[in-house]
Amino acid sequence: YRGRWRAALGHSSCSDHSEYTMYPSASGNGVFAFLWLLGVSTAEMHGDLAIDALSLDDECGQEHASASPTSDSDACAANALQLRSQVDGMPPSVRYDHHAPHGQENLANGVEISRWSSPHSHHGTGVMPMGLTDRPPHVTRVVLKPGQAFPLSSTGLKTKEDVMYVVLEGTVRCDFCKGGVHDLLAGDVFFTEARRPHGPFANHGTSDAVLFAATMQEFAYEHMERTRPNLSDLNLRQHILPMPRPGSIDLASWQPSGLPGRLLTTTCWNTGKVMVKIWEQRSKMPTVVMFKMGQDCFVPCHKHLSGVVYFVIRGPVLIHRDAGAFNSTYRSGDVHWVRPGFVYGPEYSSRDDDALIVGIGEPGVVKRGLCVS
């Protein structure tokens, strides 16, 4: 690591001298608990965790010290992924760069569709809920300008497989989700099982609205006229998961992460700490973990028993040991998949900005010996 990151990450916040376990609490509310078993001094843990904008560029070793952050360093990170060991042909992680979709199209009504294909075949439709996360999914982004609707303002849609929708920005009105009209805000999640009617999704605001869809196969749908389906069926097979906001009721409120206060910088403590909201698995819907990090916060290195898909709603977030032996920076609109069992992190928020992330998959687990500095 170069410069300040050599100092900051040389004292890994999850070294062989510490052990954490993260798990949903026994009370069933899904709050992270971090079990601090072996101590590391506060000074050693805090070190130089502050991150400024310049230090959030990807790091690719001394030989790339002069590389352009938009070209050579990206290639370096991509090459590092190829050099890492793979399991069943899968890389340890996959980055879906919001600037570089694999394909784009514009519908007749002007709606912009961008697609990122999975680098790994799902061999059929897979089995939910694990099927969406145990291999990198296909990701589709729908950009709705003011007044636009997807697929059309007069029709809803049905998909051939289960879909997890995540709102990145703006307000998306679903005219028929879970049997009624719902406004979905940034960070909100909507899950529907295959062949269940929903939509259309419309933007009635004054700025762009962005909606992601994660699927096991390439996102495909068919138009359908509005009908009156079995509402009890939709209540079981469609779910709306709101991002916690000020004034949220207890069911949808942020919960403490359980990360010991001794591991939080003063800035992190004063700007919101690390908070979580876990929506437990429901039938075919995977577990959804929403978490926010105040400024200058970190989450210890960890692994997931299932794979996990991260949607960065607000960033940046720097992930240590993500792309091979290097760091990767994820910004708003980026998507990140991590292979089951792959150890990565810590994850850092910026000194100047907080971070907000929606994760699809089981919470992480970290114990002594998993992390190396």
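Here's a quick tour of one glutamine, the disulfides and the nonpolar cores in this structure. Keep in mind that the model is predicted. The count of disulfides comes to two, and the largest nonpolar core has 32 residues. We'll start with glutamine 238, which sits in strand β16 (residues 238-241).

**Glutamine 238 and its neighbours**

- Is glutamine 238 buried or exposed? Its relative accessibility is 0%, so glutamine 238 counts as buried.
- The side chain of glutamine 238 has a polar atom 2.7 Å from the backbone nitrogen of lysine 178.
- Glutamine 238 also makes a polar contact of 3.0 Å with threonine 192, side chain to side chain.
- If you skip residues up to four places away in sequence, glutamine 238 touches Cys177, Lys178 and Gly179, then Phe190, Phe191 and Thr192, plus Arg196, Pro197 and His198.

**The disulfide of cysteine 174 and cysteine 177**

- Cysteine 177, one of the residues that glutamine 238 touches, is tied to cysteine 174 by a disulfide, with 1.8 Å from S to S.
- Which hand does this link have? The torsion about the S-S bond is about 85°, so the disulfide of cysteine 174 and cysteine 177 is right-handed.
- Cysteine 174 counts as buried because its relative accessibility is 0%.
- Cysteine 177 is buried too, with a relative accessible area of 0%.

**The disulfide of cysteine 268 and cysteine 297**

- Cysteine 268 and cysteine 297 pair up in a disulfide, and their sulfur atoms are 1.8 Å apart.
- This pair links distant parts of the chain, 29 residues apart: cysteine 268 is in helix α5 (residues 266-270), while cysteine 297 is in the loop between β19 (288-293) and β20 (298-299).
- The link of cysteine 268 and cysteine 297 is right-handed, with 105° about the S-S bond.
- Cysteine 268 has a relative accessible area of 1%, so cysteine 268 is buried.
- Cysteine 297 is buried as well, and its relative accessible area is 1%.

**The nonpolar cores**

- Which residues have the most contacts inside the largest nonpolar core? They are Met164, Val189, Phe212, Val288, Met290, Phe311 and Val358.
- Take valine 358 as an example: leaving out residues up to four places away in sequence, valine 358 touches Val166, Gly187, Val189, Met243, Val288, Val289, Met290, Val309, Tyr310, Phe311 and Ile313.
- There's also a second, separate core of 26 residues, and its members include Leu264, Ile278, Met293 and Tyr344.

Key. Residues are numbered from 1 along each chain as its sequence is written. This is a predicted model: local features need pLDDT of at least 70, side-chain atom pairs count only at pLDDT 80 or more; totals for chains, interfaces and linings use all residues. Side-chain values use heavy atoms; hydrogens and water are left out. Helices (H or I, at least four residues) and strands (E, at least two) are DSSP runs, numbered from the N terminus. Buried means under 20% relative accessible area, exposed over 50%, partly exposed in between (1.4 Å probe, protein chains only). A polar contact is a pair of N or O atoms within 3.5 Å; within protein, one must be able to donate a hydrogen and the other to accept it, and residues adjacent in sequence count only if both atoms are side-chain atoms. Contact means heavy atoms within 4.5 Å. A disulfide is a pair of cysteine sulfur atoms within 2.5 Å. A nonpolar core is a set of buried Ala, Val, Leu, Ile, Met, Phe, Trp, Tyr and Cys residues joined through side-chain atoms within 4.5 Å.
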